[in-house]
Amino acid sequence: MSNAYRGLTKIAWGYVFLHFNLNLGTLNVLPNWAGYLLFFSAIQLLGEDLRDLPLLKPFCILLGTAEVIEWLAVLVTGETVLERFFLLHILVTCINLYFHFQLLTDLILLAEGQGVSGMHLRMCRNVNVVLGTLMALPLPWSDWGVPGLAAVVLMLVLWIIITVILIWQLFQLRKVFP
Amino acid sequence: MDNIWAFLEQTLTATVAAVLLLVTKRLFLDKLSPRWQYGVWAILALRVLLPTGLLGRALIPGGQVVLEAAKAWVERGLSSALTDPYGITQVTAPIPLVRLVGPNSVTDLLFLLYAAGVAALLLWFGLAYLALRRRVARGGMPSPAVLDQLRRVAGQYGLNLPRRVVVLTEAESAFVCGPLSPVLVLPDRAVDDKVLLHELLHLKYGDLWAGVGMCVLRCLHWCNPVLWYCWNLAQNDCEALCDQRVLERLEGEDRRAYGVILLSMADHRYARAPGTTSMANGGRNIKARIGAIARFKRYPKGMALASGCVALVLAAACLVGTSGAAAVPAYDERGELALAKAQLNRPTTVAGALDTYAQAVLCDSPVYYAMVAPEGDRQQAQQQATQPFEEADLYSSPFWELGFTWSRPAWQAEWSVMNLMADGTGGYTGTLFFIPLNGHDTMGVVVQQVAVRPEGMFWTVERLGKLEPWVRDDLWLCPSSKAPYTTYVAEAAGLRVEVDFQCRLWVEHQKVQDEGMFQLYSGGVDFTPNPHGIFAEVCTGIGARVCSTETGDTLDLTLKAALMGETGDPAQALEESQYCFTLSTGGLDDDVVQVSTGTYSGDGMSLTAMPAALAVQFAYEGQTHTCVALPEEVSP
């Protein structure tokens, strides 16, 4: 198995951990930090092929640490903690947006380097960053009544579809590498 | 900004935004393009120009409470002409607004000093610019060879030429001066094409105007070193972006040569003058720019989306902030912080004002009363709120007389208001009723006449009478002829129609929820005021009498009545009103309502005070009559 194959597998599973949760009480058995652990490992594997990818390591550590704190906070208190620190939360949101955008950009380059179209991944990347931004903005969705609720539901549905496509695309892409 | 506290609030908010931007820029230093690095300073510029607290939101949660507490603590011993120690600090404009009054305190003097500083710095920058323009005006004409070189560079890169080009002997490097009528100033020696390209690009992208804007922003917060540092960085980012634009137009060896030119300028003096751009902007800044050149790459177009999204999130955080709502103080909190929380939680609705006042009565809490007290009582209430906490004097209370239970923090009662009538001046009068909680036996209820009045965007409650015990066998208030009601009267078709209308309103009382070891259980009523609450429940009573205006004989008729405003069409009200009743004649204690289409609870409740009038319809002698009944008598 090549490093690229192993790296892409880890990233795909990383997104599974990141986007799907299985809760037993307050214990999330698919923790987000495990996703970042997989991303970190994948960055090391793919760093040789993608020159810019190792630049994401500090962000990966930072986001992973934030997720560990959140996971522990939910486990112990039942509530998230990061949102209470507004400015820190904003910083983490910005890093999060950039990290996933750049990670997927690098994977698109990897795919296109092998003659595979990165169109679907690019679409997932762009929709993901736009949805992430919309959700981070302090828009008064609930004050907008039914249209606001409809918009939130639409965004959630879109987000689920995009996540599934993204994970599927990553599992498909790894097949290109022996 | 009309006092020093408003300036402090504005400059502290801008500082927090600046720190957030500095940290973010450091994190993305080698990841996002120089365009982004320079562009995000626009967020700081907007933050400085937008008044803090806009939309009731804040960048620093809890920051306003601390500032208000500090203000109250400092100002209480002073008699400032510009600051009201008991008012809420509001930033109405991003510039100092000086009122022509003599300073009465050190804080007044500090504000005047700040305002004078703004004016002095603006003047200094203005004079520095004029002096530079005068020197530039004395500059000589460049040689035809230099003009040809300039035309060639402009033509090669498709750039416009400046209106005027001069040679100044004392200039160490080329620069552009004057946003309105730009002049390219050249030193008295040969200038490289790339330097000319750099200055022409400044002209193309309007960097001179950005420089003027930054000068004004420096002046507005002249005493804030963090913001000065940020504007220095912004000017350096402007130069770095211009470097990026130059490098994007150069190829191969020219790029390396550009770095060498920049390096040669590291020892040049950097005289910051407003309305100018200079490629040589000081040794330290040039070092940073050379670092940026070393990192130079063409950023892919797709990155613009991520850059924009990150900038949008940052802008929303810095400009809109988070919920600025300060927590309502606890009933036993005292001191400046408690008072600040009270000040920031003044009621914004009639129901909120009554709820706040009622909880102040039930908890005997001066800090709650300070939230809702009318202007005349406010100072005294606020002074009481800063005194150490004392247990309530239970024995002199009418609640004690009637056998209400006291269980810390409050008398175990809930409130409702009856006969809440518009007073014609924008406010309301009504009777507050305090009735025991379910399961508590008392000898009656406690009542008080109150007036709810608007004061700016807030509502206050004025006591019109004392708290009085009302001994009663039963606690049934509505419908009941013993409780307050208003009689609405109309005359039509030789008949006098009298409709007694009664309305009891209250807010939803929150239950205290406590988490036990294994389950959530519900405790008693939460006595924390809800200053922005709305009436969520209403109970109505209605009765009607019809008699002949000539003989005075009573008649038995079926009537239809609907609530309406003082003006309007009664027929339309009868068709459209949310509260429409079909009733037979009878008193409030009788069950006269045959059909009702009222909505009696929920957030969308439209009956939030006694109606200004009633639309009445009845059939008499084969004809249907529709008329308006106006309030005539308030009982008791």
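H1(B), in this predicted model, passes H4(B) in a right-handed crossing. The axes of H1(B) and H4(B), the latter spanning residues 63–75, come within 11 Å. They cross at roughly 155°. Angles over 145 degrees count as roughly antiparallel, so H1(B) and H4(B) are roughly antiparallel to each other. On the H1(B) side the contact is made by Trp5(B), Leu8(B), Glu9(B) and Leu12(B). H4(B) answers with Gly63(B), Leu67(B) and Lys71(B). By class, the residues of this contact divide into four nonpolar, one polar and two charged.

The axes of H4(A) and H1(B) come within 11 Å and cross at roughly 25°. That angle makes H4(A) roughly parallel to H1(B), because angles under 35 degrees count as roughly parallel. The crossing of H4(A) with H1(B) is right-handed. From H4(A), the contact takes Leu87(A), Ile90(A), Leu91(A), Cys94(A) and Ile95(A). From H1(B), it takes Leu20(B), Val23(B), Thr24(B) and Leu27(B). Here the division is eight nonpolar, one polar and no charged.

Now take the contact between the chains as a whole. Chain B gives 20 residues and chain A gives 19 residues. On the side of chain B that touches chain A, H1 (4–27) and H12 (303–320) each supply at least two residues. Which helix gives the largest share of that side? It is H12(B), with ten residues. This side of chain B has 15 nonpolar, three polar and two charged residues.

Next, the interior. In soluble globular proteins, nonpolar side chains tend to be buried together. In this model, the largest nonpolar core has 123 residues. The members that touch the most other members are Cys94(A), Leu97(A), Tyr98(A), Ala17(B), Val185(B), Val313(B) and Leu314(B). H4(A), residues 86–113, provides the largest share of this core, 15 residues. Val313(B) shows how chain B meets chain A. Leaving aside neighbours within four places in sequence, Val313(B) is in contact with Ile90(A), Thr93(A), Cys94(A), Leu97(A), Thr133(A), Ala136(A) and Leu137(A). A second, separate core has 85 residues. Val367(B), Ala483(B), Tyr579(B) and Leu588(B) are among its members.

Further along chain B comes H13(B), residues 336–343. Why is H13(B) largely enclosed by the rest of the structure? Six of its eight residues are buried. The buried ones are Ala338(B), Leu339(B), Ala340(B), Lys341(B), Ala342(B) and Gln343(B). Their cover includes H4, H15 (366–372) and H16 (375–386) of chain B.

Finish with Leu362(B). This residue lies in H14(B), residues 350–363. Is Leu362(B) buried or exposed? It has 26 C-beta neighbours inside 10 Å, so it counts as buried; the cut-off for burial is 20 or more. Not counting residues up to four places away in sequence, Leu362(B) touches Ala410(B), Trp411(B), Ala413(B) and Phe527(B). How far is Leu362(B) from Leu314(B)? In sequence they are 48 residues apart. In space they are 45 Å apart, C-alpha to C-alpha. Leu314(B), for its part, is one of the residues touching the most other members of the largest nonpolar core.

Definitions and conventions: Residues are numbered from 1 along each chain as its sequence is written. Chains are lettered from A and ligands numbered from 1 in the order in which they are written. This is a predicted model: local features need pLDDT of at least 70, side-chain atom pairs count only at pLDDT 80 or more; totals for chains, interfaces and linings use all residues. Two residues are in contact if their C-beta atoms, placed from the backbone, lie within 7 Å. Helices (H or I, at least four residues) and strands (E, at least two) are DSSP runs, numbered from the N terminus. Ala, Val, Leu, Ile, Met, Phe, Trp, Tyr, Cys and Pro count as nonpolar, Asp, Glu, Lys and Arg as charged, and the others, Gly among them, as polar. Axes are lines fitted to C-alpha atoms, for helices over the stretch in contact, and angles run from 0 to 180 degrees between N-to-C directions. Angles under 35 degrees count as roughly parallel, over 145 as roughly antiparallel, 65 to 115 as roughly perpendicular and the rest as oblique. A crossing is left-handed if the near helix is turned anticlockwise from the far one by less than a right angle, and right-handed if clockwise. A nonpolar core is a set of buried Ala, Val, Leu, Ile, Met, Phe, Trp, Tyr and Cys residues joined through C-beta atoms within 7 Å. A residue is buried if 20 or more other C-beta atoms lie within 10 Å of its own, exposed if 12 or fewer, and partly exposed in between; C-beta atoms are placed from the backbone.
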